[in-house]
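My entries follow in the order in which I checked them.

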Amino acid sequence: MALTVATNTGALMAQAAASSVNKQMEVSMERLSTGKRINGASDDAAGVAIASRLTAEVRGTNQAIRNAMDAQALIDTAEGAQLEVVNLLQRMRELAVQAATDTNDTSDRTAIASEITALTAEIDRIANTTSWAGQQLLDGATPNAATTTDNDAATFTFQIGSGTSVADELAVSINSTGSTALGIAGSGNAPTALTDTSTASNTGTVAVNQSAGTITYAGTVTSGDVFKIKINGTEITHTVSNADTYEVSVAGIAQQMKELIDAQNISGLSVSRNAGVLTLNVGGGVSVTNSSNAQVAIGTIDSAISTINTQRASLGAVSNRLDSTVSNLTNVSSNLQAGRGRIEDADFAAETTNLAKTQILQQASTAMLAQANASKQNVLSLLQG
């Protein structure tokens, strides 16, 4: 092998080894200092993408857990208020049973009716004021709906998953618990004069069916159609406009007519709406003015109690379901985080071993570089002769 000075091959090889070892040592130090095996896309291109998707799922799932717990709190709040409504109805039934016996005279029944009226007012107050974080629960108003009434069921949609599928959402309907919705707001008597006087030239195909105290709209509505109702000589008129898509429907007609009737403040008249059906009642509450009316009142209140209990059972079932939802989401979140950790977390045992190895190799390569540089000093002895 030729003895040269211009090219020190040993030094070059030692320098390259030192550079490579130094880079490996820096990678080990970075991983040990951050605790992450992947600190950049160059560490593991596929791993970065997978870890990012898992992070989105973990964060979404954790938020879904909080959503489900909030939903459960909302539902439990509504059910708790309904329980108090049932207690009020139980007291009203007790009073109706008391009023049904003829050991009471007119003044006694008047006193009983006074308490029933107060209890009915309290039921309406609960329905109109029960809320969760400012969101009304028992007034039948669906959040963000274009049009709602006090006789509808409010539908709440809860995001209980991290995705966008139907299974990631839970819709819960909470019925109105107002006296009108429960059927205890009126005596059940129809107005003495109720007539549908809708314009015959309407271009829509709506059929208006009238029975005692009820008007039903069914069919197709078009803009410009005119609908009229005459109640005890008072005529209410509504002209359909297509400005609101909800209005151009039988449900919209019924709602508009209800609002117009309510605005007339016809004495003793209460109006409820269910889809395209208007129900009109005369009276100011459950009647216990005589034994016969009190017997009817018992049946009416029993029906109201049954309605509330059915709703409570439904809400209780959903609340229990959400317990399982939260447990499952918690388990999913834990497993997702474990999977992400196996991809991007540093193995400290492996990395500390690698760091020790690279530090030794760095020292060795530095020593060999010094030896390689010193080895060329032998050329000077040849020059000195």
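Are α2 and α6 roughly parallel or roughly antiparallel to each other? I found that α2 and α6 are roughly antiparallel, where angles under 35 degrees count as roughly parallel, over 145 as roughly antiparallel, 65 to 115 as roughly perpendicular and the rest as oblique.

Entry on the source. I noted that this is a predicted model, in which local features need pLDDT of at least 70 and side-chain atom pairs count only at pLDDT 80 or more, while totals for chains, interfaces and linings use all residues. Residues are numbered from 1 along each chain as its sequence is written, and side-chain values use heavy atoms, with hydrogens and water left out.

Entry on the whole chain. I looked up eight helices and 11 strands in the protein chain, taken as DSSP runs (helices H or I, at least four residues; strands E, at least two) and numbered from the N terminus. Of the 385 residues, 36% are buried, with buried meaning under 20% relative accessible area, exposed over 50% and partly exposed in between (1.4 Å probe, protein chains only). Among contacts (heavy atoms within 4.5 Å) with a separation of 6 or more, 63% are between residues 24 or more positions apart.

Entry on helix pairs. Helix α2 (residues 45–99) packs against helix α6 (residues 291–344) at an angle of about 165°, with the axes 7 Å apart; the axes are lines fitted to C-alpha atoms, for helices over the stretch in contact, and angles run from 0 to 180 degrees between N-to-C directions. I sorted the residues of the contact of α2 with α6 into 34 nonpolar, 16 polar and nine charged, counting Ala, Val, Leu, Ile, Met, Phe, Trp, Tyr, Cys and Pro as nonpolar, Asp, Glu, Lys and Arg as charged, and the others, Gly among them, as polar.

I then turned to helix α1 (residues 9–34) and helix α7 (residues 348–375), whose axes come within 8 Å and cross at roughly 155°. That makes α1 roughly antiparallel to α7, and α1 passes α7 in a left-handed crossing. The contact of α1 with α7 has 14 nonpolar, 12 polar and two charged residues.

Entry on the cores. In the largest nonpolar core, of 47 residues, Leu89 and Met92 touch the most other members; such a core is a set of buried Ala, Val, Leu, Ile, Met, Phe, Trp, Tyr and Cys residues joined through side-chain atoms within 4.5 Å. Two or more residues of this core come from each of α2, α3, β3 (153–159), β4 (169–175) and α6, and the largest share, 16 residues, comes from α2. Leaving aside neighbours within four places in sequence, I listed the contacts of leucine 89, including Ile123, Leu182, Ile301 and Ile308. Another core, of 17 residues, lies apart from it and has Ile236 and Val271 among its members.

Entry on single residues. Threonine 110 is in helix α3 (residues 106–129) and counts as partly exposed because its relative accessibility is 48%. Threonine 110 and threonine 289 are 179 residues apart in sequence, yet 7.0 Å apart in space, C-alpha to C-alpha. Alanine 133, in the loop between β1 (131–132) and β2 (135–136), has a positive phi near 55° although it is not glycine, and is exposed, with a relative accessible area of 75%.

Definitions and conventions:
A crossing is left-handed if the near helix is turned anticlockwise from the far one by less than a right angle, and right-handed if clockwise.
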